[in-house]
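Here's a quick briefing to read with the structure open.

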Amino acid sequence: MTWSPILLDVIRAVLIFAAVMTLVPFLVLAERRISAWIQNRVGPNRVGPMGTLQPLADVIKLVFKEEIVPARADRVLYSLGPLLSFAPAAIAFAAIPVGRGLQVVDMSVGVLFVITATSLAVYGISFGGWASNNKFSLLGGLRSSAQIISYEIAMGLALISVIMTTGSVSLSQISEGQTSFLCWNIFRQPIAFVIFFTAAFAENNRLPFDLPECESELVGGYHTEYSGMKFGMYFLAEYVAMIVMSAMVVTLFLGAWSPGFALPEGLLGTVISVGVFSFKLFAVLFFYIWVRWTLPRFRYDQLMHLGWKSLVPLAMANIVVTGIVVTIWDAVQ
Amino acid sequence: MSFSDSIFWVFATTAVVPAFLILFTRSIVRMAFLLLGSLAGFAGLYLQLNAAFLGFTQVMVYIGGILILFLFGVMLTQRSDIPVREKVGPALAVPGFFAGLLLMAALLFIALQNPWKTHPPVPVTEPDTPVIGIKLLSTYILPFEAVSILLLAAMVGATYIARVQAPGAPDGQAELSDSNAEGRLE
């Protein structure tokens, strides 16, 4: 292997990473503005025009805050927690095609890679929660691991039926299979879409599934004891994970970068495809924010009930039905 | 040393060094973290051999599943009033030393006796996922099904053990009243 393709890979990786990182502060701003709009408030509008410099101010504040390590905390794991939470989420973006033929690595097992990477985020939360030496943090970490394991199963089972329909685990092939509007997986696998999207909320610890950090019971949950940039890292990880999950929803179900009809060849088509992908991504992210400020939190037993007794059996039934349909379809063809 | 060689050494070190460090760690949660590193190193080695499916399955099953359950168990059961760093007295250290020595001798004996077959990596020409899928459902269908039955049995057993007995109900007759039992389960 020579160095130049590696260099090209590095450049692509840095570009995508930078794009995601730039998106995060504005996503936070969007979240605050939209929540204010939903709740009939004004929201941050003082720093810069329309409050657009608010994210910058927030980041500067976080960087300069004092970091406090609680007494008798496990210092090594306490420092590693935020990193373990952030790194997998950032890595996951490598396999997602953000436009026609535009992805860092075209992996033959792309779906598996992204799901694996996102499932690792639980380590940051549970190690951080444990190392803080605080009962609220520990409970937050425990809840998070139980929740993520439970919903991961539903998510994986929902994915299996999608993979059966498309016949591939490569994200680029799944995207290319959805170029015409009616081939979007949301129409071919509507049940899997609902299950996957619900599980995505739980995986990201977002409302209505934000029990690991619910303020009314656990102070701040797993990040109660974190301050300064370590807290900033957790915050960042949460939003990056949210972007990754939204990108997965777009890629797997909403036709990826396809506008629903064939794109022109060449550079123009590629540019349009990136635009279409971004538009869909923002739409899904808006939905995330909308849900957060609309629905109340589930109770813990309701959460487990929904995951194990509703979503998992539903996903399994979906697999059986998909199997029968795919077999008949293949026989007819 | 070529590029892929240096990558190999990175993964190999990641796989072996944490496993070694576990021996010198007293905190179970830290051990879990080291195990995480070791398992990730092995996954990296699989990936380097172009076995992407195997590599990610390794991460998903061992790191994303088994280890997190392990950690969950430790966090649920560990009590803060019991000190983590217990002193090991001679009553434990002396037999421990000899047991360890014996185990090491046995492992070394096997490692040195075994005629290891080594050959250079075989390049993978087609994606491994379909190959594994077809093999599992044709040549290896019997072991595959046997494992699934084993897992089903384990699941039934776990459900039986986790079942909360309603107060006063005879053994095995307990029926759960919904919210109450779940609250206690979790």
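**Chain B at a glance**

Chain B has 7 helices and 0 strands. Keep in mind that this is a predicted model. The lead items are an interface that buries about 2800 Å² between chain A and chain B, a helix, α5(A), with 11 of its 11 residues buried, and a total of 4 salt bridges over all chains.

**More on chain B**

- Read along the sequence, the pattern of chain B is simply α-α-α-α-α-α-α.
- Out of 186 residues in chain B, 18% count as buried.
- The accessible surface of chain B is about 13700 Å², and carbon and sulfur atoms own 73% of that.
- Take the contacts in chain B between residues at least 6 apart in sequence: 50% of them join residues at least 24 apart.

**Where chain A meets chain B**

- Chain A puts 34 residues into the contact and chain B puts in 29 residues.
- Of the roughly quoted total, about 2800 Å², carbon and sulfur atoms give 77%.
- Tyr123(A), Trp130(A) and Leu142(A) supply 21% of the area that chain A buries against chain B, more than any other three residues.
- Sorted by class, the side of chain A that touches chain B has 24 nonpolar, 6 polar and 4 charged residues.

**The buried helix α5(A)**

- Since 11 of the 11 residues of α5(A) are buried, the helix is largely enclosed by the rest of the structure.
- Its buried residues include Tyr123(A), Ile125(A), Phe127(A) and Trp130(A), along with Gly124(A), Gly128(A) and Gly129(A).
- What do they pack against? Within chain A, the partners of the buried α5(A) residues are α3, α4, α6 and α11 (228-253), and from chain B come α2 (28-48) and α3 (52-77).
- After α5(A) comes Asn133(A), which has a positive phi, near 60°.

**Salt bridges in chain A**

- Arg292(A) and Glu31(A) form a salt bridge, with their closest N and O atoms 3.4 Å apart.
- That pair links distant parts of the chain, 261 residues apart: Arg292(A) is in helix α12 (residues 266-292) and Glu31(A) is in helix α1.
- Glu31(A) counts as buried, at 3% relative accessibility.
- Asp58(A) and Arg32(A) also meet through their side chains in a salt bridge, 3.1 Å from N to O.
- Here Asp58(A) lies in helix α2 (residues 54-64) of chain A and Arg32(A) in helix α1, so the pair ties together parts that are 26 residues apart in sequence.
- Asp58(A) is partly exposed at 21% relative accessible area, and Arg32(A) is partly exposed at 33%.
- Glu67(A) and Lys230(A) make another salt bridge, 3.0 Å from N to O.
- Glu67(A) sits in the loop between α2 and α3 of chain A and Lys230(A) in helix α11, so this pair ties together parts 163 residues apart in sequence.
- Buried or partly exposed? Glu67(A) is partly exposed at 38% relative accessibility, while Lys230(A) is buried with a relative accessible area of 17%.

How values were computed: Residues numbered from 1 in each chain as written. Chains lettered and ligands numbered in written order. Predicted model: local features only at pLDDT ≥ 70, side-chain atom pairs only at ≥ 80, totals over all residues. Heavy atoms only, no water. Contact = heavy atoms within 4.5 Å. Buried area = accessible area lost by both parts, 1.4 Å probe. Nonpolar A, V, L, I, M, F, W, Y, C, P; charged D, E, K, R; others polar. Helix = DSSP H or I, 4+ residues; strand = E, 2+ residues; numbered from the N terminus. Buried < 20%, exposed > 50% of the residue type's maximum accessible area, 1.4 Å probe, protein only. Areas by Shrake-Rupley, 256 points an atom, 1.4 Å probe, with all protein chains shown as cover.
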